[in-house]
Amino acid sequence: MNLADGRTDPSSGSNRPSSGDSDGTGDRLVVTIDGPAGTGKSSVARTVGSRLGLFVLDTGAMYRAVAWLAGRDAIDPADEKRLLAAMDEHPVVSQPDGDRTVVEVGGVDPGDSLRRPDVESIVSIVAALPGVRDRLVDAQRDFARRHPRLVTEGRDQGSVVFPDASARFFLTASPEVRARRRAEQIVEKDGGSPDVGEILRGIEVRDRLDATRSEGPLIKPEGAIEIDTDSLDLEMVVERIVSIVRDSMPGGKSDHSEGTGC
Ligand code: DC
């Protein structure tokens, strides 16, 4: 699967998201995509958003932003009290910028720093802190109130944050495939020859932390449609999601079982 591919449908040029009703009712359409790292959620969400004219919310970037803040201000990532105080001072805010959504920390955009190894190595620790999760869940719901037509991706979007979403998806892939994809991404971006075994071990540690924390653990949301991406490319996953969401819209087909048995 080509994870770096954020292609858009040529016909989607005018498919710009609209903020809809400011109270979040009326024109609401929330699509959630959850699953572990390396299943292609970000690329899938971006492409689905572009095709359907939806805002895109990357909630992993919000947790990474808190980890980045901890690193920048030399805060122990497990020190919830200090982290929450730092978040009061430097709020984590997601906002649309053209056709993407940026995360700012106290008005600063950390950009690619969110993907740095030092951020990556502590993000599961901050993501396990209930107070941090409460704040970010509030911020995610607030984003949906301001932009009620959105596709949002993470670990708990369909289970905790938007259990009433219009359509919920859960992407999976074997750890080996996910490690290989991550290695390919690293080579594409930075070159070199990353150690796939080491990446695999990192993935397994993060999976365990994400799945066993008490709040917002990584689980398949009830009623979510599971898509095993091991043998699917980006386009196939996107096509499946887009057609299910379209079918669920007023006037679409009502039988969603077709094409979901994977
Ligand atoms: O999707 P990602 O790799 O950018 O996520 C970064 C971290 O944040 C990862 O440890 C899982 C965590 N996360 C979370 O706990 N809840 C979310 N809704 C999104 C991400």
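## Ligand contacts

An oxygen atom of the ligand lies 2.9 Å from an N or O atom in the side chain of arginine 155. Polar contacts here are pairs of N or O atoms within 3.5 Å; within protein, one atom must be able to donate a hydrogen and the other to accept it, and residues adjacent in sequence count only if both atoms are side-chain atoms. The model is predicted, so local features need pLDDT of at least 70 and side-chain atom pairs count only at pLDDT 80 or more, while totals for chains, interfaces and linings use all residues. Residues are numbered from 1 along each chain as its sequence is written, and side-chain values use heavy atoms, with hydrogens and water left out.

Serine 124 has a side-chain N or O atom 3.3 Å from an oxygen atom of the ligand. For aspartate 210, the distance from a side-chain N or O atom to a ligand oxygen is 3.4 Å. There are 16 residues around the ligand, and Arg64, Arg133, Asp156, Arg206 and Arg213 come nearest; a residue is near a molecule or strand if one of its heavy atoms lies within 4 Å of it.

## Arginine 213

Arginine 213 is found in the loop between α8 (196-212) and β7. Is this residue buried or exposed? Arginine 213 is buried, with a relative accessible area of 8%; buried means under 20% relative accessible area, exposed over 50%, and partly exposed in between (1.4 Å probe, protein chains only).

A polar atom of the arginine 213 side chain lies 2.7 Å from the backbone oxygen of glycine 216. Apart from neighbours within four places in sequence, arginine 213 is in contact with Ala127, Ala128, Arg133, Arg155 and Leu218. Contact means heavy atoms within 4.5 Å.

## The sheet

Five strands make an open sheet with parallel pairing, in the order β2-β5-β1-β6-β7. The edge strands are β2 (55-58) and β7 (225-228), each with a single partner strand, so one side of each has no neighbour in the sheet. On average, neighbouring strands are turned by 20° against each other, direction ignored. Helices (H or I, at least four residues) and strands (E, at least two) are DSSP runs, numbered from the N terminus, and two strands pair if DSSP finds at least two bridges between them.

Strand β5 (residues 149-154) pairs with β2 in the parallel sense over four bridges, and phenylalanine 55 stands opposite leucine 150 in β5. Six bridges join β5 to β1, also in parallel; here valine 31 is opposite valine 151. Both faces of β5 are covered, with Arg149, Val151 and Glu153 buried on one side and Leu150, Thr152 and Gly154 buried on the other.

## Helices across the sheet

Helix α1 (residues 41-52) lies across β1 (29-34), β2, β5 and β6 (167-172), at about 175° to β5. Helix α9 (residues 234-248) lies across β1, β6 and β7, at about 160° to β6. Axes are lines fitted to C-alpha atoms, for helices over the stretch in contact, and angles run from 0 to 180 degrees between N-to-C directions.

## Nonpolar cores

A nonpolar core is a set of buried Ala, Val, Leu, Ile, Met, Phe, Trp, Tyr and Cys residues joined through side-chain atoms within 4.5 Å. The largest has 36 residues, of which Val66, Leu83, Met87, Val92, Val132, Leu136 and Leu150 touch the most other members. Helix α2 gives the most to this core, with nine residues.

A second, separate core of 23 residues includes Ala45, Val56, Ile225 and Ile244.
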